[in-house]
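Walk through this model one element at a time. Start at a pocket, then follow the helices around it.

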Amino acid sequence: MSSHSYHARLHWEGSTAEGIRGYSREHTAVAAPTPETVLSADPAFRGDPARLNPEQLVVMAASSCQLLSFLAVAARAGVDVLAYDDEATSSLDLNAAPARLTTIHLRASVKVAAGTDEKAVQELAARAHRECFIANSLSVPVEVTTTVTTA
């Protein structure tokens, strides 16, 4: 198959009659097979701080895609990955025209089996980044720093 399709449904209801300060930012999204996810705006934009916001989802998607791409290339190369953690960050630049997320920084910590060549793991991380569907789809740069430890 040369393509894969993705579908999501979004729903909001309320009233914007009171202006920019008066309407709810809470909305729901559904993408099979998961149940409904309740989202909101960033708290800086009158959103609910207890809910995920779209900016977080973009950063999370970039992080998740890098993880999955890395695990795939490592498995194909026969590298035994034991753990993977990432601290993914970005900021919203309201001074940019148009406003946008700044560079997404992925700071991955990878634990591999004893005796694994660290340089090979770094090369696999770079390959995974080149193959990451989400990073390749974004206009914002995604930078990956990988720290390798052995068991």
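Which helix supplies the largest share of the lining of the largest pocket? It is α1, with eight residues. Helices and strands here are DSSP runs, numbered from the N terminus (helices H or I, at least four residues; strands E, at least two). This is a predicted model, so local features need pLDDT of at least 70 and side-chain atom pairs pLDDT 80 or more, while totals for chains, interfaces and linings use all residues. Residues are numbered from 1 along each chain as its sequence is written, and side-chain values use heavy atoms, without hydrogens or water.

The largest pocket holds about 220 Å³ of space. A pocket is an open set of points on a 1 Å grid over the protein atoms alone, where a 1.4 Å probe fits, with protein on both sides within 12 Å along at least five of seven lines; lining residues have an atom within 4 Å of a point. The volume is the space filled by probe spheres set on the points, which are joined across faces, edges and corners. The lining includes A61, C65, R76, E131 and F133. Both α1 and α3 (133-137) give at least two residues to this lining.

Now take α1 itself. Its 24 residues should span 34 Å at 1.5 Å a residue, and the end C-alpha atoms are 35 Å apart, which agrees. The expected span is 1.5 Å times one less than the number of residues. Contact means heavy atoms within 4.5 Å.

What caps the N-terminal end of α1? N53 does: a side-chain oxygen lies 3.0 Å from the backbone nitrogen of E55. N53 sits in the loop between β3 (37-39) and α1. N53 is buried, at 4% relative accessible area. Leaving out residues up to four places away in sequence, N53 touches S40, A41, D42 and P43. After α1 comes G78, with a positive phi near 80°.

Turn to α2. The buried residues of α2 are V121, L124, A125 and A128. Seen down the axis, they fall within an arc of 105°, so they line one face of the helix. The arc is that of the directions from the helix axis to the C-beta atoms. The face turned away carries K119 and R130, both exposed (over 50%). Cover for the buried residues of α2 includes α1 (54-77), β7 (104-112) and β8 (142-150).

Terms used. Buried < 20%, exposed > 50% of the residue type's maximum accessible area, 1.4 Å probe, protein only. Polar contact = N/O pair within 3.5 Å; in protein donor to acceptor, adjacent residues only side chain to side chain.
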